[in-house]
Each structure stands twice: as C-alpha cells, then as structure tokens.
Amino acid sequence: MNAQVTDVIVVGAGGAGLTLATELALAGVPTVVLDRLPGRNLQSRAGAIQPRTAEMLALRGLLDDALGRSIDYRLAGGHFAGLPVPLDYAAWDTRYPHPVLLPQDQLEAVLEDRLTELGGRVLREHLLTGLHQDAEGVTVTVSAPDGERSVRGRHLVACDGAHSTVRKTIGAAFPGRAATVRMATADLVLTGAVDDSTAGHISSRIQTSPEGHFAMIIPLANGLQKLIFSGPRTALAERDAPVTTEEVREVLHATHGGTLDVSEIRYASRFSDASRQLEQYRHGRVLFAGDSAHIHSPAGGQGLNLGVQDAFNLGWKLAAVLRGDIGEDLLDTYQTERHPVAARVLALTRAQGVVMGPQRDDGVGELRDVLTDLLRLPEANRYMAGVMAGLDLRMPSPDAADHPLLGLRMPDLDLVAADGGRFRFSDLTRTGGGVLLDLTGAPLAAAAPWADRVARVRAGAESGAVGAEAVLVRPDGYVCWAGGAGLTETLTRWFGPADRPGEAG
Ligand SMILES: Cc1cc2nc3c(=O)[nH]c(=O)nc-3n(C[C@H](O)[C@H](O)[C@H](O)COP(=O)(O)OP(=O)(O)OC[C@H]3O[C@@H](n4cnc5c(N)ncnc54)[C@H](O)[C@@H]3O)c2cc1C
C-alpha cells in the first residue's frame, strides 16, 4: 500500500485541529486533516469563547464571522465557580470585554470555512487506527470509506480529543485525577416558562436541589436551549449510555418545580470532571494539542479556548520549522509556553469543583462567601478576570526583565499611517507572519533581511500608549521585543537566521 505523503498530519477536526489546519494552510504547509466522523458534530457543547480567543480570531480576520454566528445574549461578565460577582474583563484593555456566546459547532464552522477558502479540507470518515514514527516522519494507518490507507507526514499533531487514539497508541501516560462527578449536556426544546432574557450573570442560570440535582440553561439559536445538568441518576450513568427524556425530566422537575418540560432532545452527551495532563506535549515527531493533551471539568468555560490557543501557539512554529526557516528547537517553546497554561486551568477547575460542589457542613458554603467577598475587591476581580479570560498570559522570555511588555499580548491598537490611513494592529496580522511595528519613525533597517517573514510597519498609535518606541510581535500576537538592543538576536530566535540554514549567503 503506497502512503499518501504530506508535511503535517492533523488528527481530529475539532476546535484545536481546525485552528491548527488553518494556520498551516495560511503558511502554505501541505497538511492532511483526518476525522473519524462523517460530518461536523452539530451539538453545541462549549458555549462561549473567552476574550483572548476572540482577540486571536481577530488577528486572523475570523472574528466578524464568529460574532455573526454568536447567540444574541450577553453574559454579564465572566465568572469564577458560578459565584454571583461578574468578572470585569474591561480592566484588561481588550476590545472584547465579555465572553462571546459562540456554540462550539459554530466556531468549528467558522474555522472550517476558512480552511476551505485556503484550499484545505477535512477527510471525513477517516479513522486513525495505527501509527508508527521513525527519525524522518510518522506513518499512520487510516480506516476510510474506500478501505484502509496510509498517510505519511514529517510531523503529526494529535488533536483527537479527550480519548485520543494517538495518545493511547504511543503509550503516553496521562496522569491526573479520575472523575469525581458525572454530568451531561443536551441541546433540547423546552416547554414552559423558559427564561429567555437577553442578559444576566451566569449564576442566575444555575439551579440546584437538596437531592443533589444541578441544572444550568443557556439559550441557543433556533428555539433550542442548552441544558447542562447532573443529579443522582446522571452521576451513576455509564459514559456511553444515551441521555433519556426521563433523566432530563427528573432534573427539570427537581430544579424548576415542574415549570419546565422537555419536548425534544436534539443532541446530548455525557462528560465528567476528570482532570489529566500529558507531561510532554511532544513525543518525537508527534505533538499534542487540545483535549488530547489536557482534560478537566468545563467549569469556567476554558477547554476549547485552551485547544484553540495551543494551536495558535504551535501552528506558526511548526510552519517555520517545516519551511526550513529555523531549527526544531523552536518546537520546545510550545511545551514551555503552553504546558503551564493548561496546568493552571486544571488547578483552577479543580478548585471551582470544590466551591461549586454540594453544600455540606464542611465549610464550603463559608469558603464560597469568602471568595465572593474577595471578588468584590477590584484588584482581586481584575486578577481573576485576567486568568479566566486568558488575557494575563505572559510568554516566558529570557529578556522579560528588560521590558514590562515582553511576553505579553499586543493590544489591538488603533493606528494611523503617515498618509493618514487608519487601521487596527490586528489588520497587520491576517497573513500569519510576524510584525515589527515602528511607532517613532526610527529606522529599523536591521530587520530588512527578514522581510519575507516579518512585516515592517511604521505608524502612530491613535489612542492608547504602548510604552515602547517599537515592538516585534510574533504571529500569535505576543510581544517578543520592545525596543532597545537585541533586535537581530530576537528576530533570529523566533524567525530563524536572516539567511535560512542551507541557503547560500
Ligand atoms: C458541557 C460542556 C461545556 C463546555 N463548555 C466550554 C466552554 O464554554 N468553553 C470552552 O472553552 N470549553 C468548553 N468545553 C470543553 C470543550 O468542549 C473541549 O475542550 C473541546 O471540544 C476540545 O476541543 P478539541 O479540538 O481538543 O477536541 P474535540 O472537540 O473533542 O475534537 C476531537 C476530534 O477528533 C476526532 N477523532 C477522535 N478520534 C479520532 C481518530 N482515531 N481518528 C480520527 N479522528 C478522531 C473526533 O471525531 C473529533 O472531531 C465544554 C465541554 C462540555 C462537555
């Protein structure tokens, strides 16, 4: 059997896999995307994207499409553990200071549309069944509608979700904590007094019962509602057991006193609060992104955001390595930058699990009161808002002490060019390259040899101060140089030497 040959094999076309595939397509890297399902999964699942994910979509010109598909309902701020204090994301100087209610299937549609525009496509009903890697590449066996086939790539990225076949096949340990709570979610049609108000804090949507039922109802489009729930019956159900109408009715009755009923369950699935993370995101030529690398409870709405941001971090690096711009060591920064971010989310979701857990006579109620009071303090609220929104991330940088901007996200400034033209910083990042933004008119000729990888733009900031005369911003929107010495070294570190290895000088 002759193998189809490509540069990158992406396994899984969820949020992580589709983001990675679009980034690679943008960079012109030959990629094969495999997914076992016959079509996109139409269940809403994740209900919102956080501000940093919204900013990253804006960097590629994808946010307008996403906003057009979002639900016309505004959560009044984010939340920590469902506590009744809105998190004030506006304190982080972002254009998107609230979660965007974008059902996961709609985000996937935005990404797949872009992938198609860029000439890529997902091979559906392509189930990865085997994998072998050697020093030069990875060969996979795939079960497809026309029989078994094999695909060979220089790298493989596993975006195949929580129960990752790739992870199991290569025998990577997935240490962490087993499930303590089992829950379910369903997109359904409800009858009765459904609250369809268009704004509110998420805490007002959570109902519990003394018998341990939990229900949260979030509006979707087309008359559907998303119910996230648990209860004594759900807690004992097997992962693959179908969600039944009786089970949903019991929860609705216990939490809403019979004012609501279900007339149709369109899609449903079960999940848990199991919390696990790979120690290494790279195993030779195999890399992991999204739920294949980390799982945790959905408390606080972080999982899809983590996966999309993993992919934004990895995509440009993998493309640069495959183009021959830079050595494979660049891929090590994927681990150092993204592993701690997911580790923090795992810790925070476990903490939220305790705070949101059943109120027993063990101090949890008092802990909830203490945390509620703390979140009313502006500084504490700002801290937690930055964490939950993903806006406080700082990429580790050897020079971080040199300038307060290093490693932080570049704000989406309003800029004005010398000819008076107005644009946003995010208009400069559509093509997926780096940007050297010169805000003072000082000559930055030193960067000229990188012109094929880094756009040089001279503009003034219309509003907001950057705190630097010039900034070098990576393709994923993080500042890696902020004026002063060391521009050539920084360009070389992130974009490779001016003359590509192997190129004549
Ligand atoms: C109720 C609920 C609410 C949530 N809310 C939020 C939220 O508000 N915000 C948030 O950020 N996250 C949320 N999450 C988490 C989010 O749904 C996941 O983190 C996200 O789906 C992970 O994306 P992924 O691309 O890594 O994996 P997945 O979306 O699981 O995609 C994996 C893909 O791989 C394919 N695949 C699997 N095995 C194979 C194989 N062997 N061969 C080929 N293809 C394969 C699958 O078909 C699938 O398409 C929520 C989750 C739940 C359950």
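This is a predicted model: local features need pLDDT of at least 70, side-chain atom pairs count only at pLDDT 80 or more; totals for chains, interfaces and linings use all residues.

Residues are numbered from 1 along each chain as its sequence is written, and side-chain values use heavy atoms, with hydrogens and water left out.

The structure holds five cavities of 30 Å³ or more. Here a cavity is a set of points, on a 1 Å grid over the protein atoms alone, where a 1.4 Å probe fits but cannot get out, and its lining residues have an atom within 4 Å of a point. Points are joined across faces, edges and corners, and the volume is the space filled by probe spheres set on them.

Start with the largest cavity, at about 150 Å³. It has 17 lining residues, and Q302, L306, V345, V387 and G390 lie nearest its centre. α8 (303–323), α9 (332–356) and α11 (378–389) each give at least two residues to that lining, with α9 supplying the largest share, six residues. (Helices are DSSP runs of H or I, at least four residues, and strands are runs of E, at least two, numbered from the N terminus.)

Now move to the second largest cavity, with about 70 Å³ of space. Its lining includes E337, M395, R474, Y478 and W494. Two or more of the lining residues come from each of β27 (479–481) and α12 (487–495).

Terms used. On a 1 Å grid over the protein atoms alone, a cavity is a set of points where a 1.4 Å probe fits but cannot get out, and a pocket is an open set with protein on both sides within 12 Å along at least five of seven lines; lining residues have an atom within 4 Å of a point.
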